[in-house]
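Please look over the sequence and the structure shown below.

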Amino acid sequence: MMIHGTYVRVGNRTGHLTKFFPLMLIIATTLLFGCMDDDVLPVSPVDLFGSRGVFIINEGNYLYGNSSLSYYDIESGEVVNDIFSMANGVPLGDVAYSMTLHNGKGYIVVNNSGCIHVVDANTLLYEATIENLPSPRHMLFVDNDMALVSDLYARAISIVNTSTYKVEGTIKTGDSSMPYYRHSSEHLIRVGNRVYTNSWSYDNQVLVIDLGQMQVVDSIRVGIQPLAMVKDKNENLWVINDGGFAGGPMGVEVPSLMRINTTGNAVDLCLNFSAVTDAVGQLATNAAGDSLYFICNHLYAMSIYDTGLPAEPLIARNGRTFRALGVDSQTGDIYISDATDFMSEGKVYRYTSKGLPIDSIGVGIIPGNFCFN
Amino acid sequence: MLLNTVGAFAQHLVSDTISLEGVTVYQRRQASGLQAGIKSISIDTLVIREKQGLSLAELLQDNSPIFIKTYGRGATATASLRGTSASHTKVYWNRLRINSPMSGEADFSIVPLYFVDDVAIHFGQSSMSFGSGGLGGSVNLQSTPNWGKQYGAKVYQSVGSYQTYSTAATSTYGKGKLKAQTRLFREASENSFSYRNTAKINKPIEIQQNADYLKYGVLQEVYYRYSENSMLSAKAWAQRTDRGIPQLMTSFSAREINRQQDINLNSIVEYRSGGEVVSWRVASGLSHMNLTYDFSKLSVEGNLLPVLSTQSSSWSWYNRASMDWVTNDWITVNVQAEVNRHWVQSTEEIIGNGYIENQTHSALRATLMATPTDRLSLTTLVGEEVFSGFFTPLSASFSFKYRLLDEKSLFANGGYSRNFSYPSLNDLHWQPGGNPNLLPEDAQSWEVGLQHAFQYAGSQLNIEANLFSSHINNWIMWLPHLKGYWEPVNLTQVEAKGAEASLSLNQQIGKVTLKMRGNYSYTKSTIENAGGVMRPEAHGKQIPFIPVHSGGVAINALWRSFHVVYSFTHFSERYTTTSNNPNSVRKLYPYYMSSAAVGWDFALYNMPMGVQLRVDNIFNESYQTILWRPMPGRNYSFTLRVEL
């Protein structure tokens, strides 16, 4: 009857208007009850005890704070994404860059959050944060209580006390008198009592730090923008230079692969790629340290005794954007990531050392580094 | 009512428009190149007045279907219309384009409402009457003379949460033929609100750091009426904005200096002459923008470690002539010509990157408006543009509006257009990453709609519903490059389509005047074909940061000299990745926001005065509109207005 009554009133012109008023009120009050929930990261416990696997450090996008950590179980083939958030209920941060395991703890370097999160390596439970690092990249333990942290903008390497989680000093790598941020530091590789670091950003140097003096004692000129560096079985270093970009202040050159003889601290082999547009990436060695893998559009493999670049890739990119590269020291399997379009979740591909596919998994945004446990 | 029966020409910018609606009817001869039938809305001047002290970003967020993407309170805010990007919303101040020629975007947070009298939004193809590139549409701002008053001044003082102080004065003087108006404002805020930092372990309450801002500016207008039908006007707007850029909630680096400073100068001289048959408008304007951005970190020892120090400076000289010709009783022709020149320079001091460029942009547009019958109006627009020697293909727009029933105000409308957006100078030349091989974005769009206006005894109801669809080829998107910088690329095809509904009701209930407006938009903006720069997985997915559902309700009640305003805004979740991964870490949850204000106008010592108390975020929501950028909880502001 009420419905009928309403219809009767519709015939009346004033009825139209009185009908609209409740309609608007209904819309307004329905919408009022919305409530934003910004506390939505689900938490569930993690236990990696006894599992052998690889952490995938997903950079995420700069200033988006959407980096993440993935874990791939090498035996079961299982993957867990966002494992840090899952364990702790908080995001990992902005541009997670690398991860180092030491004495049962994981140290996750989060570049643009200016920190290193310290977690239990099995439960991923948060233990501490090493704060106030200007722009940290990689971490190298010098002994049980001290680690070095390379940095993009500090023009210094930070010395961190890993018992107190405090920055206790710096090793100066440059100063403001040098043009273009010189010298940044990236990979940290120890050879005897020296640590080598490649200065990638608008630079062309590999710096040599003496651990006794805790200062830079030598520098080696390499190609423009040395992107990555690894050590082979002879304790020599392989450096891949991205060649810069047109219009950049360092200029541009053909990307190259170089070997540094650490006895004389000099480049003793230089292999140029074919074009300035070649997109080079990370380097890795096998467990024996006698095979070298590198990304130049595709993935290539070569012996450390070769004197020329390989002609054919081991793994063709097939439309993928190769980013991170790692080799499992136990199986020799190759792990390579695809950053896709850099704006969506990437993938990780696992191959045998001969380049035969084993597995592929979906991970986080811009998978940038691997860390085997 | 006479005008109503003649047929409706589309929206026009007049200061006495009564409500947010698209069916306002205007004189036939004032059409001035505006198109029939295509959706345009203008914002109630009372709403603008009640929001004085806020920015254009806040006005549009609460009172229009435009999606405002803001980095925080007082921080940069850009606008997205109909599922397009920020550079597809063109902003005109007195018909002078104020989008940066470098980024193509406009920052809505730095436009003070003290300086604006009329705000109109032209959706999609209706923006083509003012210029190209508004694939989403345009926002048109006018500063207008108050001929009704010989001398007058208003002073505003606001005090708000987080040590926010805003002072403004507007004045009008002169009579007869000459009128001058001066407006000044200054707004400062510490903006140090507290928030629960959900990005950190134990979710501590933190105080927002380095989010302070200071804005001040002056607008001077002079109008000279030669005769009944001709006027010369000159307007100059100078403003400076100084802002801190806070860190993300995920940051653990306390040592940082991050600031942005904007200097904006806009000026325009216009001569208008109206005749029975031919009307003219000739204008010349100069616009300067200077944006400096400094970002340094501090070392453990406290030494400054510069990261970025950029300066982007542009000078633009705009020249425009427009003629309306009423050929006979039912056909009007509008012809517009533009010649603009931009000089831009971008420098980065630490690395030494940068670019210097200039660009000449010419355009010719012709519009034919016809009302062949009392029930039908038609518009056809054809335009051609040249950017430093590059001729864009011919742009065109066709639209109609048809009265469906004889006695009722029920209209059907529709249109089809082809519009281009030429890459911005940063898109083409930015170092590093600028891509000189970019193609202009090429949009083909259509829309259809129904409008119904119902009036009775001083009350009015307007209902409007639209469907729209745009196929945009060569959509420009910046994507990260392998070498670490970002590079703009053309995506082969993007589709932006959706539906819009709006409802507005003005009603008298006893002594209370009620104005209610509601709007809802459904927007699917998807990458249909990325042309090899993205994986097929991205195809068919919603473009990052564009909500599928958005809507709002605003209620305005006036009783004697008291007013109460309530507004509610909602956006559905927004993805931040091209894959639209539903994982909660990377999407923004739905947004629900309510604000309200109460005000009282009175007189003291014969001086009209007003007070208003405003409450934002009434329900004290803890939220973000960009990932890990905190927004303030419930906050208040109190404003006193004195008229002299």
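How many salt bridges does the rule find across the interface of chain B and chain A? It finds 0, a salt bridge being a side-chain nitrogen of Lys or Arg within 4 Å of a carboxyl oxygen of Asp or Glu. This is a predicted model, in which local features need pLDDT of at least 70 and side-chain atom pairs count only at pLDDT 80 or more, while totals for chains, interfaces and linings use all residues. Residues are numbered from 1 along each chain as its sequence is written, chains are lettered from A in the order in which they are written, and side-chain values use heavy atoms, with hydrogens and water left out.

**The interface**

The rule does find 9 residue pairs in polar contact between chain B and chain A, both residues at pLDDT 80 or more; a polar contact is a pair of N or O atoms within 3.5 Å, where within protein one must be able to donate a hydrogen and the other to accept it, and residues adjacent in sequence count only if both atoms are side-chain atoms. On the side of chain B that touches chain A, strand β26(B) (residues 486-509) gives the most, with 5 residues. The residues of that side divide into 47 nonpolar, 19 polar and 14 charged, where Ala, Val, Leu, Ile, Met, Phe, Trp, Tyr, Cys and Pro count as nonpolar, Asp, Glu, Lys and Arg as charged, and the others, Gly among them, as polar.

Contact, meaning heavy atoms within 4.5 Å, takes in 80 residues from chain B and 80 residues from chain A. The area buried between the chains is about 6800 Å², of which carbon and sulfur atoms give 64%; buried area is the accessible area (1.4 Å probe) that two parts lose on being put together, summed over both. Phe252(B), Lys483(B) and Arg535(B) supply 12% of the area that chain B buries against chain A, more than any other three residues.

**Two open sheets**

Strands here are DSSP runs (E, at least two residues), numbered from the N terminus, and two strands pair if DSSP finds at least two bridges between them.

| Sheet order | Strands | Pairing |
|---|---|---|
| β1-β6-β7-β4-β5 (chain B) | 5 strands | mixed |

In the chain B sheet, the edge strands are β1(B) (40-42) and β5(B) (96-97). Strand β1(B) runs antiparallel to β6(B) (residues 118-123), joined to it by 3 bridges, and Ser42(B) has Ala120(B) in β6(B) as its bridge partner.

In chain A, 6 bridges join the antiparallel strands β13(A) (residues 194-199) and β14(A) (residues 205-210), with Val195(A) opposite Ile209(A) in β14(A).

Technical notes:
Helix = DSSP H or I, 4+ residues; strand = E, 2+ residues; numbered from the N terminus.
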